[in-house]
Amino acid sequence: MPDPLTPDATATATATRVTRHLVLGDISRQYQVAGGNTPLLAVELAPEPGDAHLATEHLRPADTVATGVLVLDGDGERTVPLSAAPVWAGLGAGPALTALGRDDLDTLAPLMLLRTHDTGAERLTEVMVCSRVRSLGVLFVRVARFPHPAGTALPELVREALGYSSRLADSIVFEGSAFSVLEPEIEIEQKVNLLDEVSIWQLAQAMCAAAEEGRYPGFFLDPGYELTRWQYAQETFEVLAPREHAGYFGFTRMPDGRYLMKIKRFERDALRRGEKFRLNLDIPGDDLDAFLAREYPGYSFHRLPPLVRARFDVNLESAATGHCFSIEIDDVTVAGGHKLRQAEIEYLKTRVHEGVDHDLLDAELYRLTELVEEQLKQLGVRAERSLLSKLTFLRECERRAAGSDS
């Protein structure tokens, strides 16, 4: 079997739409568990306009509505009409299939989504394998692309795609290994300072709604992790020396009494900054100064004012690239009434898929930043793009406090 091919520029330019087929079958075709003789079911979904290749695609129940299903089993193939209802309903077979009265539906799982590009005499199909099943939808990840003649019948197309479906299996079948971080121990984030008094909760809700309504084109909310909420206090120690370790250490006391320590390393505010963590630290008497003196004897620190950070994150994935980002909307409070509100657009990780492209990371981050800025403008919130770090902000808070005391 030949390796999947990336289409050349000429073929891509002539494509006008993508035909999609959802393939369901026995769960034993993907996992090493007991299985049966459940036939394969291939359902043609609504086509997608254009010629975009996708790293991932998220199907909600409403996206799986079809009027017929091709049944492939040992006896051959046959087409069965369906009612205009979802074929898959989040965690199990949808009403279109249950209405058929089959007794093997509980063995079914969404196996693949085939995205076939119409490029003239030859077709190219992306093989997207099911990677996540949630009540609100199913996620598919591209594992291969292969060319084939325009006249390839659907049963043959399904059989050929099955031959590619085990690629990247270790990442696909185990959700814990579904992602990689392209630049380990580096934080990559663009900041947008919010210049008005504004509720960050209302902003988070508005951004979630915008993503749901397709106003962040090319991005979809992370299924099952769409919106996360945080609040914590942090004690911050600026590193004065050695200079090559400039940055800060931030301590957050966890509910069990132990500490999370964040180590940020950077000489100036920038898009990329070093970031590491130490977890589950037992610090006797909560004496952070003594801990640092013991653990980092060659360092010199300056303790900055403590802060409280409330944060609501809107978590998104780029369908075209598999890069995952978070719009982290912050409200930082420092003693003395100082406030900092920001929307941080941060790269989190990349979904493992065929054709991972590191070079597209920054472009997608900036594109998402522009979408955030546009929405803020529509909402009437004044904002400015920035790289302002918490360290720089705390230094300024300290300077202002010193000025007021003099």
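Glu344 and Arg309 form a salt bridge, with their closest N and O atoms 3.1 Å apart; a salt bridge here is a side-chain nitrogen of Lys or Arg within 4 Å of a carboxyl oxygen of Asp or Glu. Glu344 belongs to strand 19 and Arg309 to strand 17 (residues 307-318), so the pair ties together parts that are 35 residues apart in sequence. Strands (E, at least two residues) and helices (H or I, at least four) are DSSP runs numbered from the N terminus. Glu344 counts as buried at 2% relative accessibility, and Arg309 is buried at 7%; buried means under 20% relative accessible area, exposed over 50%, and partly exposed in between (1.4 Å probe, protein chains only). Salt bridges with shared partners join both residues into one network, whose members include Glu187, Lys264, Asp330 and Lys390.

This is a predicted model, in which local features need pLDDT of at least 70 and side-chain atom pairs count only at pLDDT 80 or more, while totals for chains, interfaces and linings use all residues. Residues are numbered from 1 along each chain as its sequence is written, and side-chain values use heavy atoms, leaving out hydrogens and water.

The structure holds 45 salt bridges. One of them joins Arg142 to Glu354, with 2.7 Å between the closest N and O atoms. Arg142 lies in strand 8 (residues 137-149) and Glu354 in the loop between strand 19 (338-351) and helix 7 (361-378), so this pair ties together parts 212 residues apart in sequence. Arg142 counts as buried at 3% relative accessibility, as does Glu354 at 17%.

Helix 6 (residues 288-295) has Leu288, Phe291 and Leu292 as its buried residues.
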